[in-house]
Amino acid sequence: MIQFYKKREFGSFISDSFNFFKLYGKNYFKNYFLINGLLLILAVAILLFGFREIFGQLVGSNLSGETYYFERYFAENSGMLIVAGVLVFLLFAVLAIINYLYPVFYMKRIAEGAGKIKTDEILGDFKRNAGRIFKLCFGMIFIVLPVLMIVMGFAYALLLIFIGFFLILLLYPTALNVAAFLMFDYFNTDRKFLDSLSYSLRSQFSYPNGNEKSPFWKYWGATLIMFIIMYAVMMIFSLFPIFFLYGSLITTAPDGNFEANPFAGGVLGILFFVFYGFSTLISMFLSNLMYVNAGLMYYDSRTDLHQKVELAEIDTIGINE
């Protein structure tokens, strides 16, 4: 069993994240797929058939030399595309909420001493916290996202003098940590959104007691390493659809025949989107490694609870003896 509320060093975040899945992985992903499986299948189906159709129209118009073919396609199907766009937005919004908050609710239950988690328990957590989830989404969209866009825009502008590269490298892991800490704190405490946001920012640079070394670099480094691991694995799967894309485009004869478009049909076009959909699924599963790592960092930051947990464990040992 993993002890959540304790101080960890940089390497412990990485190793304990993998240990978490060794201990709880089977139960974790079983519930994850039962809750999220249908949405994941729908999302992949949209990627396979919806985007395939759009890309097919785009590439076909270019191959045929018809400049306005793509625009005409959208004009003729605007109503259907608007409705489909709204439905796709709602689907991916729900998918994002579940993907981000599932690790929060699961780790919270494990940290409270639960053994095996049941699907109904996690679903119950989502239902009971529906109001707070809405407030979180509202705050993330209208408070966190605009500020983040301004800061990241400034960093990208500084790419002109090269310092922006280092600033982006510094900001991305920090922004991911702040967002993750915000979600973990908001659903592990009774704090309001702005209070949890304040804690998530402060905890990146200091512990609550203020007498210990800043945890910033170990948090930043652990997130960066996890991102590199996840990105490396994703690239392995992403290279396949890219190779199929270039291979199919190279072998396409620009004779003005739309049916020659590799996305309109054929084995190569189908395989490209199958691999693309599969790589999307892999990325969603791998993202859980990032979220668990962030959760361990959050519990590391809660030094106000470390001693209470240790004393509770000592009392339990005394009772067992």
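Author: Helix α8 gives the most to the nonpolar patch, with seven residues. This is a predicted model, where local features need pLDDT of at least 70, side-chain atom pairs count only at pLDDT 80 or more, and totals for chains, interfaces and linings use all residues. Residues are numbered from 1 along each chain as its sequence is written, and side-chain values use heavy atoms, without hydrogens and water.

Reader: Which helices each supply at least two residues of the patch?

Author: They are α1 (10-64) and α8 (216-250). Helices here are DSSP runs of H or I with at least four residues, numbered from the N terminus. Ile225, for one, lies in α8.

Reader: Why is α5 called roughly antiparallel to α6?

Author: The axes of α5 (residues 130-157) and α6 (residues 163-188) come within 11 Å and cross at roughly 170 degrees. Axes are lines fitted to C-alpha atoms, for helices over the stretch in contact, with angles from 0 to 180 degrees between N-to-C directions. Angles over 145 degrees count as roughly antiparallel, so α5 is roughly antiparallel to α6.

How values were computed: Angles under 35 degrees count as roughly parallel, over 145 as roughly antiparallel, 65 to 115 as roughly perpendicular and the rest as oblique.
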